[in-house]
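Take a look at the chain below. Then work through the short sections that follow.

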Amino acid sequence: MPKVGMEPVRRKALVDAALKAIGHHGSLSVTMSEIAREAGVSPALAHHYFGSKEQLLIETIRSLLRQLRADAVLALAQAETPRARISAVIRISFQADQFAPDVVAAWLAFYSQAQRSEAVRRLLALYARRLHSNLMSGLKPLCGFEDAGRIADGAAAMIDGLYIRQSLKAAPLSIEASVALVEDYVTGQLASRPPLEGEARTIGPGWGDA
């Protein structure tokens, strides 16, 4: 019998191993035995904790989403202006643990699996809604709901596209370069829209309020 208190440790080890194995293979073709070996446990124990590979994959996605949410809550709480909130959301999307090659490859594998798994699709749709909502929280005070929605959609599409480009590995972009591309897009979009009534615009490198 496993020692009391070991289950959370081993479950996390299996989730981390699944992420690493999926990233290494670049697909979800890994087996429970391969994941268990990566985690240093028996396949029987892996099945005991998760029941099936599908359940382990779902928990792996949930683990990524929980980390993203925790990081977003912390970063947004520290942002003092709407523009700073936008910058915080962008940077969180490209932080080192999310933008590591293995994790990028795993994200793309999950998106592929979403075409066949309703459970995976729902989780990825949840991620998309959270990203859009977090971007909107900074954009709406600066440009109103309609423009905010359009800019948020564009920024989210750029973030997803940069993950795809990163997966090509032939010409990977650094975290800073990726952040700068999305920041430039948002700044350009905010600067080019018609001003709100009574607005004194100060959008620029200092990320001040409009």
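## A serine to start with

Which helix does S178 lie in? S178 sits in helix α8, residues 175-192. This is a predicted model: local features need pLDDT of at least 70, side-chain atom pairs count only at pLDDT 80 or more, and totals for chains, interfaces and linings use all residues. Residues are numbered from 1 along each chain as its sequence is written, and side-chain values use heavy atoms, with hydrogens and water left out.

Is S178 buried or exposed? S178 is buried, at 1% relative accessibility. Here buried means under 20% relative accessible area, exposed means over 50%, and partly exposed lies in between (1.4 Å probe, protein chains only). A polar atom of the S178 side chain lies 3.0 Å from the backbone oxygen of S174. S178 is also in contact with F94, F99, L162 and L173, leaving aside neighbours within four places in sequence. Contact means heavy atoms within 4.5 Å.

## The whole chain

The chain has eight helices and zero strands. From the N terminus on, the order reads α-α-α-α-α-α-α-α. These elements are DSSP runs, numbered from the N terminus: helices are H or I with at least four residues, and strands are E with at least two.

The chain has 210 residues, and 43% of them are buried. Take the contacts with a separation of 6 or more: residues 24 or more positions apart account for 65% of them. The chain exposes about 11,000 Å², and carbon and sulfur atoms supply 57% of that area. Accessible areas come from the Shrake-Rupley method with a 1.4 Å probe; for residues, only the protein chains shown count as cover.

## The nonpolar core

In soluble globular proteins, nonpolar side chains tend to be buried together. How many residues does the largest nonpolar core have here? It has 64 residues. A nonpolar core is a set of buried Ala, Val, Leu, Ile, Met, Phe, Trp, Tyr and Cys residues joined through side-chain atoms within 4.5 Å. L14, F94, F110, L135 and L139 have the most contacts inside this core. Each of α1, α2, α3 (43-50), α4 (53-78), α5 (82-93), α6 (101-113), α7 and α8 supplies at least two of its residues. Helix α7 gives the most, with 18 residues.

Setting aside neighbours within four places in sequence, L139 is in contact with I86, G144, A148, I151, A152, V186 and L190.

Which residues of α3 are buried? They are L45, A46, Y49 and F50. Seen down the axis of α3, these buried residues fall within an arc of 115 degrees, so they line one face of the helix. The arc is that of the directions from the helix axis to the C-beta atoms. Helices α1, α2 and α4 are among what covers them.

On the other side of α3, A44 and H48 are exposed. After α3 comes G51, whose phi is positive, near 80 degrees.

## Salt bridges

Side chains of opposite charge can pair when their charged atoms come close. How many salt bridges does the count come to? The count is eight. A salt bridge is a side-chain nitrogen of Lys or Arg within 4 Å of a carboxyl oxygen of Asp or Glu.

One of them joins E38 and K20, whose closest N and O atoms are 3.3 Å apart. E38 lies in helix α2 (residues 32-39) and K20 in helix α1 (residues 6-25), so the pair ties together parts that are 18 residues apart in sequence. E38 is partly exposed at 41% relative accessible area. K20 is partly exposed too, at 45%.

Other pairs sit within helix α7 (residues 118-168), including E118 and R121. Their closest N and O atoms are 2.8 Å apart. E118 and R121 are three residues apart, or about one helical turn. D147 pairs with R150, at 3.3 Å between the closest N and O atoms. D147 and R150 are also three residues apart in α7. Salt bridges that share partners join E118, R121 and R122 into one network.

## An exposed alanine

A77 is found in helix α4. A77 is exposed, at 65% relative accessibility. A77 and A88 are 11 residues apart along the chain, and their C-alpha atoms are separated by 9.7 Å.

Technical notes. Polar contact = N/O pair within 3.5 Å; in protein donor to acceptor, adjacent residues only side chain to side chain.
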